[in-house]
Amino acid sequence: MAMTLTEFTRSLDPKTLPRILQIQSGFYCQGAVYELFGRECCLATGDLMKIIDISITRFIAQTADGSEIKLPLEYPGLFRIVSESQPYLTIKEIVDSLKISSHRLGQPAFISANQIQLPQGSVKEKEGFRITAVTLDVQGGGHVSCELLHKEPKFSFRLDLSQEGLFTECEDDQFYTLRELAEWKIPKGRRRTVTAANAPPPKDMLFSTLLENVSGELLLTPVYELQAVMQLRKSVALIPSNMDVDVMDVTEQFDVNTFIQPLSLQDIFQKPSEIFPMVADVIERPLVERHMPEDLVSLLRSEQVIIHRVYEAKRILATEIRQESPRHFLIPTTYKGRLKRRPREFPTAYDLERARSDTEQLHVVATRGFDSTYSGLASVLVGDEFVVKKSKSAEVVCDRNRDAVDALTCMKIKGKTHEPVRIPMCLDGGFMEVIHDKRQYSISEVCHWFLLPFNVKVSVRDLSLKEDILASVPGLRIEEEITDPYLLISTLDLSSWWEVPVNRTHMIVHLEKSWTGGVPTSNVNSVIEEISEDSYYTMRRYVFTTVMPPPRPPKKPKQPPARPAKPQPNPRPEKPANSPTSCSPESPRPAVVSRDGSIDHGHSAVRTERTPKSPATLPKPVLQKAVTRGHSLEDVCVNIPDEDDPHDYEYIDEGELENIRKQFHEQSISIPAKGKPSNTI
């Protein structure tokens, strides 16, 4: 039965590929051009083509007022999904519509409108669950593996594909790019309603105006593109799904093997290892990147290559140390350059604890100070040097209550002596590592002996490379070791052997025949890859989904003690000699001074509180926000009308005030344990 190409695309299940189509009514463009920008634009009636893949190339976004906007997959904005109100009637319908895998984006969550009975319990009405895997059997049945949301301990169960019900999508609070939506979140035969979460920066002139002045929900309609192989051609044709042709599915009438089978490197990697080595015809050559060695460029431009084996190889992920637009590299373990250490920066005391090693002492200098508000825990001044030892819980006094606070035990360096101190890990600061090690290391030794991330600089370049791109980098942050899929490929004369990355090389080949020739006669070559920022964050995302997250940093206590105010200069206001003044009503009142110079500490409960005293000033009350903190009694007073002041104060003149200052200067003031002098920086 003939149908339009658009109808075929809408009903196509990617799991059933490849499919063979026959053109029933052709489409011809004017002139003799057979392809336009790599896309097929002329299909004759009777042509046969094998559809090998389907992909989304862009979205058409429809706004609330009915206008349409074309959004490419490269649009850098983020979107949030609006859950569909239309329910799925069976689990099989969910499996057929959505892409489900072990990846975190491929695990959709649903709410059942009805209670589901299970052998080990039940799923209650309106209770959410996540589908984590799909298992199919040869009879066409199967089941899905699920787990309940927000359930501790984890409750896992299975549902048959034949399970009926009303399954509605859960609310999704995650943010997605258009490319992630296209790969994971577009159901087959359905459209998606989203809201724009953020817009590109104004400097991005290419995309910043696409959704300008657009608010509310957007209805995304995907535009597909088919990858096909024509019967008499080797190259892969790209066919827009909206091409005005009628087609018929004739897969059952033709042998799929009569067409060539173009394969990407990802497809090659999925092949069983027993079939290699194989001779492959290169159908589509990859782009040649800068800094590629000449031998590798010559290999990638060959018409035929030998694929010897597929495997996963270790690489070291490193980032250039710079403030703006740092470059990212994948370094092979065979790199022969020598590396020297560079100082690391630690923004918090918690980072010092994580970087602490049992093999060597961590020596740091403070680049930013902070005041400790706890008794028994030290403050830090800029320039203080510490040797980090270990962390442990310390009991401190907090508002006369004893509390446990995580503290980092260090040795504070004072000249030639070391003083043991404890630094609270809940307070941030800034530290720079002091390097005493002048030795040179290989890249493997750095990963083996030191905790990552670790800062280095190339001191001796790799002499086996014609151009070592790492030698010109001022500093590298070695982040982690990863494993990545590679193909071992050589030329037909076995003169050049290279590891070719699977995920970052767009290369289409056709497996021709098995190779029965010789074995490698030279060393396998690996290249230092400079990867894009998208590839870097994609790698980091995949790595973070497979490793346990680090422990949470320590939190500050719910009610930490108030930090003493740092004095600020304040010009003395002009007041008449007989002008009555009064301190802020929300602050403790200063001691009342009599005419004979004696100080009265009575009269008020507020004055019985212990407040830090400075050797050069009177006790400073905490003022209202409108009052600036100052150095003297006049600085903490404000003019208020007489009728608004319900208190009866005694006031002193300038001479008596000078006598009070002199008395306090001569006294030895004891500082309470929970406070600090107000003139401490």
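How many helices and strands does the protein chain have? The protein chain has nine helices and 39 strands, taken as DSSP runs numbered from the N terminus (helices: H or I, at least four residues; strands: E, at least two).

This is a predicted model, where local features need pLDDT of at least 70 and side-chain atom pairs count only at pLDDT 80 or more, while totals for chains, interfaces and linings use all residues. Residues are numbered from 1 along each chain as its sequence is written, and side-chain values use heavy atoms, leaving out hydrogens and water.

View 1. Of the 681 residues here, 40% are buried (under 20% relative accessible area; 1.4 Å probe, protein chains only). Take the contacts (heavy atoms within 4.5 Å) between residues at least 6 apart in sequence: 70% of them join residues at least 24 apart.

**View 2. Glu-320 in strand 22.** Strand 22 covers residues 304-320. Glu-320 is buried, at a relative accessible area of 5%. Leaving aside residues up to four places away in sequence, Glu-320 touches Pro-326, Arg-327 and Phe-329, plus the run Val-473, Pro-474, Gly-475 and Leu-476.

**View 3. Ala-378 in a loop between two strands.** The loop sits between strand 26 (362-368) and strand 27 (385-398). Beyond residues up to four places away in sequence, Ala-378 touches Phe-370, Ser-372, Val-421, Arg-422 and Pro-424. For Ala-378 and Pro-424, 46 residues apart along the chain, the C-alpha atoms are separated by 7.7 Å.

Note on methods:
Buried < 20%, exposed > 50% of the residue type's maximum accessible area, 1.4 Å probe, protein only.
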